[in-house]
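Subject: Structure for your review

Dear colleague,

Please find below the structure that I am handing over to you.

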Amino acid sequence: MGFPHKPHARETVVLSKYFGDADARTYKGWVKRGGYEMLAQALTMEPAKLIDVVKESGLRGRGGAGFPTGLKWSFMPKEKKKPHYLCVNADESEPGTFKDREIMRWTPHALLEGSAIAAHAIQAEVVYIYIRGEFTEPWTFMDRALAEASAAKVFGPIKIYLHRGAGAYICGEETALMNSIEGKRGNPRIKPPFPAAAGVFGMPTTINNVETLAAVPHILKQGAAWYKGMSLSSPKSTGTKLFSVCGHVQKAGNYEVTMGFPLKDLLYELCGGMRPGRTLKACIPGGSSVPILNREETESCLLDYEGVVEKGSMLGSGGVIVFDDSTDMVYQIMRLARFYAHESCAQCTQCREGTAWTTKILERILAGQGKMADLDLLLDLSENMTGKTICVLSDSCAAPVVSGIKRFKNEFEDYIAGRRRPVIMA
Amino acid sequence: MSVTAHPTPAGTEAYEPVFTGPTLEQLGEIIARYPTKQAALLPALWMVQRARGWISDRNMAEVAEVLGLTPAYVKGVVTFYTMYHQHPVGKHFVQVCTTSPCNICGAEAVTKAFLETTGAKELGATSPDGKRTVIEVECLGACGFATPVLVDDDFIESVTPDKVPELVRKYK
């Protein structure tokens, strides 16, 4: 099976095994494929033992930060004095990323099973799955799967609810997501306190990404050693990862490969390379919030947390955006800045003003009214937007700008010097 | 991109309560999922929008009363989230993704085709027949299926300008 393409021989298909298989969406179909066996087993296990297995596997958060999952779970109070909660981050909104959508619409039970196992491990009785408002299709399949599985009473004492977002990228930030569940504006909170101490409704909370949780039943079934063994480069990055590839490639889509897989092979072999007559110009390897790589960096990059950092970017969410030689980098960087300006929650000055002015200056350059000093101004702005705010949205706006100016400075200069025809803004 | 067409002055719109009978019961079930009533605010606003097509100031006040909040607080939340309509919109609401990954795959041409085919003059405006409102949205999360378009609750993948006239005909 596979969707929207058949799996390539070099893919390691674990999470995506049933993508494209409509029968796997049903409770019966999922059970037939061995689903919910691991949940039944997990519910009889000591929570601490479950946490140990996940720690041992080396699983790291797939939402972007790459924090070790077992360690995160272990931060929850051992002795339960208050209600514990699990929040599932299904607010997938990072430009370039569309893997959680595929997990939810093809294998909704995989997420439900992983969520219930995690809830047991952290001694939570309630799970909220926060799905972005635009994901109408994943919502439908998740809702149906939840009703079927609940009717079959597979979750033991654990209650799972879906919670619909309403259009706000920032709600993918963990504390903003919790505020949103509480019926508030989605403003990120100052940390500490961290969610394990005071999360949703002020109670100990763990928040995990969809892909992270979907991997948990597989780890229980095949063992931590099996998962840990899937690593082609750095031993600190283990297991398989879904990479969403989009932009200028022949075959866009989700590809599941072992950590450490060469980015070059992903693009040229699995995705069929660039369009005819085109060559690779740049690539954003981990969703729009990470620095842009040039062709040389892209072609020598290994896809794991350490490998991408070595090239000057980050693995992030695994959203790979590919730009070929037809791309106007200045325009695309402006478009990304505009995204962040639109999505800023506006509570921190550096972000509210910084994202808006970054966009305006980039638009000015594109309109042929830029000055050479604008490039330094943009870098100065970006400097003041990095590491100075409550959350990292501001930093995320600075990343493509700084990396873009560093690697494609000549394109900016062409607009400023009048060597390139100005763009008329819509 | 905000919706600017058809502003209705606050308080002058026709008002009909949403939370009566079965809808109120349904909200009660949702409230029971959370330790606070306030947490049912986003779901309650979705219920209003489903029933009325948009969320008026009067309906915000209704939600506030049902959940024990103030109207100002509810408005503060409504204005934070882009999917809640604070003004009436066309019968069909068309959202075209134009963020970078879709942009490089031709999303701007798709937007243009929607504006031309529907007759809506600009983004955020409703077509003269009141049937369709077209807006640009930031990342719909289906970048590998550029250009995704959300028409009401239908998520349509891989839209190209040539497919637009047929889509517009489908959503009459």
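In which sense do strand 1 and strand 3 of chain B pair, and over how many bridges? Strand 1 (residues 92-97) and strand 3 (residues 149-151) of chain B are antiparallel, and 3 bridges join them. Within this pair, B:Val94 stands opposite B:Val151 of strand 3. Please bear in mind throughout that this is a predicted model.

The sheet of chain B

The two strands belong to an open sheet of 4 strands in chain B, whose order is 2-1-3-4 and whose pairing is mixed. At its edges are strand 2 (132-137) and strand 4 (154-156) of chain B, each of which pairs on one side only. From one strand to the next, the twist averages 20 degrees. Helix 6 (residues 107-118) of chain B lies across strand 1, strand 2 and strand 3 of that chain, and runs at about 160 degrees to strand 1.

Chain B is divided into domain 1 (21-80) and domain 2 (92-170). The centres of these two domains of chain B, taken over C-alpha atoms, are separated by 29 Å.

Is B:Lys37 buried, partly exposed or exposed? Its relative accessibility is 43%, so B:Lys37 counts as partly exposed. Leaving aside residues up to four places away in sequence, B:Lys37 touches B:Ile31, B:Val66 and B:Leu67. The side chain of B:Lys37 also reaches the backbone oxygen of B:Val66, at 3.4 Å. Although B:Lys37 and B:Leu69 are 32 residues apart in sequence, their C-alpha atoms are 9.0 Å apart in space.

Where the two chains meet

In the contact between the chains, 42 residues of chain B meet 56 residues of chain A. Together the chains bury about 3900 Å², and 57% of this area is on carbon and sulfur atoms. Of the area that chain B buries against chain A, B:Phe80, B:Ile104 and B:Glu138 supply 18%, more than any other three residues.

Chain A

The domain assignment divides chain A into domain 1 (22-229), domain 2 (240-324) and domain 3 (329-416). The C-alpha centres of domain 1 and domain 3 of chain A are 34 Å apart. Their contact involves 12 residues from domain 1 and 8 residues from domain 3 of chain A. Between these two domains of chain A, about 850 Å² is buried, 69% of it from carbon and sulfur atoms. On the domain 1 side, A:Tyr169, A:Ile170 and A:Pro188 lose the most area to domain 3 of chain A, together 53% of what that side buries.

Why is strand 11 (residues 319-324) of chain A described as largely enclosed by the rest of the structure? The reason is that 6 of the 6 residues of strand 11 of chain A are buried. On one side of the strand these are A:Gly319, A:Ile321 and A:Phe323, and on the other A:Val320, A:Val322 and A:Asp324. Strand 11 of chain A pairs in the parallel sense with strand 5 (residues 240-247) over 4 bridges, and A:Gly319 is the bridge partner of A:Ser244. Strand 11 of chain A is also joined by 4 bridges to strand 8 (residues 280-284), in an antiparallel arrangement, where A:Ile321 is the bridge partner of A:Ile284.

Yours sincerely,
A colleague

Terms used: Residues are numbered from 1 along each chain as its sequence is written. Chains are lettered from A and ligands numbered from 1 in the order in which they are written. This is a predicted model: local features need pLDDT of at least 70, side-chain atom pairs count only at pLDDT 80 or more; totals for chains, interfaces and linings use all residues. Side-chain values use heavy atoms; hydrogens and water are left out. Domain bounds come from an automatic or database domain assignment. Two strands pair if DSSP finds at least two bridges between them. Axes are lines fitted to C-alpha atoms, for helices over the stretch in contact, and angles run from 0 to 180 degrees between N-to-C directions. Contact means heavy atoms within 4.5 Å. Buried means under 20% relative accessible area, exposed over 50%, partly exposed in between (1.4 Å probe, protein chains only). A polar contact is a pair of N or O atoms within 3.5 Å; within protein, one must be able to donate a hydrogen and the other to accept it, and residues adjacent in sequence count only if both atoms are side-chain atoms. Buried area is the accessible area (1.4 Å probe) that two parts lose on being put together, summed over both.
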